[in-house]
Amino acid sequence: MHGFTVKGSRRFASGLVLTGVSWSLYWTVATAWTEAFFFGLWLGYVLTADGLVHWRTGTSLIVRGKGRFLLVFVCSVPFWWAFEWCNWVLHNWSYVRPVPQNRVSHVLLFSLCFSTVLPALFETAELLRSTRLFRGPCRGPVLPRTRPLMWGVMALGVASFGLMLAFPRQLFPLVWAFPVLILDPLNSRAGRPSIWGEAAEGRWRLPLVLAAAGLTCGFFWEFWNYWTVGGHWVYHLPEFLSHPHVFRMPLPGYLGYLPFAASAYAFYQTARILLSRDRGDHLNLAEHPEAMR
């Protein structure tokens, strides 16, 4: 344990306050601006987690660069809008709006909420990464990094995307997996941080901690969505996958958070190729020597 710094303790405390206030409003107030409470709730979660990570490790996403930290929010918006576009075909979920809002407000408020998806996942992953469960080496099979295999996986991702759109009721789970199948080999080929690059060295902590972060965030997304009196989402899955429920999410649906978190990581690393010249990995998740002292 490294202990709280003054800035870290302020970040932790402000995150707790913001979470508590936004939580109470999100569950009790129904307005056309309910999404602002959702944003505040998850921003508070992110700040709280960042303060905890700083306390436990001596570093955090914010400490390693506020510009990089804000970039995660920016990348998160198109990341989730891409899934919304897929859902126009899949119809796996829909939003219930007790108070109507115009289209401009809808896009702006939803974009604000979507900006918290990647920060929440990565802060949760770093927090889990700091625990005893994920602190030690996590060795496993070495994944070959051959060009034919990597191109084959990318082709499988493209085919999965097409098949998902062609057979939405049967193959809708592919929506969570096709991005990582396409993007992670691309990141590895470009020499950027990737799950494949870690697995090629027999290091499997990164995919495991991402999967755990996906399930953790999934629990809180569904938990906070369940009791809100304002806008919320509901699921429309085939009958055989619709029971039992944990909150509004059918229990089998939580399996989607496993590849979803990996897709989030792959998307972010690909986006950084386009948006930043920084080739390093400022997410403290992979099993590299300087990761956890």
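Author: Start with helix α2 (residues 34-57), which has 24 residues and reaches 35 Å from its first C-alpha to its last. That is close to the 34 Å expected at 1.5 Å a residue. The expected span is 1.5 Å times one less than the number of residues. Helices here are DSSP runs (H or I, at least four residues), numbered from the N terminus. This is a predicted model: local features need pLDDT of at least 70, side-chain atom pairs count only at pLDDT 80 or more, and totals for chains, interfaces and linings use all residues. Residues are numbered from 1 along each chain as its sequence is written, and side-chain values use heavy atoms, with hydrogens and water left out.

Reader: How many residues of α2 are buried?

Author: Buried means under 20% relative accessible area; over 50% is exposed, and in between is partly exposed (1.4 Å probe, protein chains only). In α2, 20 of the 24 residues are buried, so the helix is mostly covered. Just after α2, Gly-58 takes a positive phi of about 85°.

Reader: How do I read a pair of helices, say α2 and α4?

Author: The axes of α2 and helix α4 (residues 103-114) come within 8 Å and cross at roughly 15°. Angles under 35 degrees count as roughly parallel, over 145 as roughly antiparallel, 65 to 115 as roughly perpendicular and the rest as oblique. So α2 and α4 are roughly parallel.

Reader: Is the crossing of α2 and α4 left-handed or right-handed?

Author: Left-handed. That means the near helix is turned anticlockwise from the far one by less than a right angle; clockwise is right-handed.

Reader: Which residues meet there?

Author: Contact means heavy atoms within 4.5 Å. Glu-35, Ala-36, Phe-38 and Phe-39 in α2 meet Leu-109, Phe-110, Leu-112 and Cys-113 in α4. By class, the contact of α2 with α4 has seven nonpolar, no polar and one charged residues. Ala, Val, Leu, Ile, Met, Phe, Trp, Tyr, Cys and Pro count as nonpolar, Asp, Glu, Lys and Arg as charged, and the others, Gly among them, as polar.

Reader: Why do residues three or four places apart point the same way?

Author: An α-helix has 3.6 residues a turn, so residues at that spacing point the same way. Now take another contact: Phe-38, Leu-41, Trp-42 and Tyr-45 in α2 meet Thr-216, Cys-217, Phe-220, Trp-221 and Trp-224 in α11. This contact divides into eight nonpolar, one polar and no charged residues.

Reader: At what angle do α2 and α11 cross?

Author: Roughly 150°, with axes that come within 12 Å. That makes α2 roughly antiparallel to α11. α2 passes α11 in a right-handed crossing.

Reader: What about α11 and α12?

Author: The axes of helix α11 (residues 205-226) and helix α12 (residues 257-275) come within 7 Å and cross at roughly 115°. They are therefore roughly perpendicular. The contact includes Gly-214 and Gly-218 of α11 and Ala-261 and Ala-262 of α12.

Reader: Now a single residue. Is Glu-126 buried or exposed?

Author: Glu-126 lies in helix α5 (residues 117-129). At 2% relative accessibility, Glu-126 counts as buried. Among the residues that Glu-126 touches are Arg-64, His-282 and Asn-284, not counting residues up to four places away in sequence.

Note on methods
Axes are lines fitted to C-alpha atoms, for helices over the stretch in contact, and angles run from 0 to 180 degrees between N-to-C directions. Helices (H or I, at least four residues) and strands (E, at least two) are DSSP runs, numbered from the N terminus.
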